[in-house]
Amino acid sequence: QVQLVESGGGLVQPGGSLRLSCVASGSISRIWGMGWYRQAPGKQRELVAAINSGGSTNYADAVKGRFTISRDNAKNTVYLQMNSLKPEDTAVYYCNADASTRPTFTRYDYWGKGTLVTVSS
């Protein structure tokens, strides 16, 4: 199993910044892609940003130019730097990892429990 623990959420004013972190732990054999998703009240979960093991990234159109995803493979950690935050960025942000574990090396999608980001004045 892989455990994903997010941190860094909170309340921030419009125009402000937050940095989310997600640490993966467990009997990890390998992590391929990692990403951040978000779910606002009454809406479906959506992709915010993703990064593969080689460092290639992709972003939702709504966050391009404002958010930056990065990862530290040695620490099994993915980050999301969020700048110029808007009220519509308010959501629970979930970490996702495509990973395999020992001893079976079976590959699964894993999810964290989420961290709440509220953008409000």
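Residues are classed by relative accessible area as buried (under 20%), exposed (over 50%) or partly exposed (in between), with a 1.4 Å probe and protein chains only. By this scale Tyr108 is partly exposed, because its relative accessible area is 48%. The structure is a predicted model, in which local features need pLDDT of at least 70, side-chain atom pairs count only at pLDDT 80 or more, and totals for chains, interfaces and linings use all residues. Residues are numbered from 1 along each chain as its sequence is written, and side-chain values use heavy atoms, with hydrogens and water left out.

Two aromatic pairs are present in the structure. Rings of Phe, Tyr and Trp (its six-membered ring) are paired if their centres lie within 6.5 Å, and the planes are called stacked under 30 degrees apart, edge-to-face over 60 and tilted for the rest. For Tyr37 and Trp111, the ring centres are 4.9 Å apart and the planes stand at 65°, so the pair is edge-to-face. Tyr37 belongs to strand E4 (residues 28-39) and Trp111 to strand E10 (residues 107-111), so this pair ties together parts that are 74 residues apart in sequence. Strands (E, at least two residues) and helices (H or I, at least four) are DSSP runs, numbered from the N terminus. Tyr37 is partly exposed at 22% relative accessibility, and Trp111 is partly exposed at 36%. The rings of Tyr108 and Tyr110 have centres 6.2 Å apart and planes at 85°, so this pair is also edge-to-face. Tyr110 is buried, because its relative accessibility is 7%.

Arg45 is placed over the face of Trp111, 4.8 Å from the ring centre. Arg19 is placed over the face of Tyr79, at 4.1 Å from the ring centre.

One disulfide (a pair of cysteine sulfur atoms within 2.5 Å) is found in a search of the whole structure. Cys22 is joined to Cys95, with an S to S distance of 2.1 Å. The link is left-handed, with -85° about the S-S bond. Cys22 is located in strand E3 (residues 18-26) and Cys95 in strand E9, so the pair ties together parts that are 73 residues apart in sequence. Cys22 and Cys95 are both buried.

Strand E9 (residues 91-101) also contains Thr101. Thr101 is buried, because its relative accessibility is 6%. Leaving out residues up to four places away in sequence, Thr101 is in contact (heavy atoms within 4.5 Å) with Gln1, Val2, Ser27, Ile28, Ser29, Thr106 and Tyr110.

Notes. A charge sits over a ring if NZ of Lys or CZ of Arg is within 6 Å of the ring centre and within 35 degrees of the ring normal.
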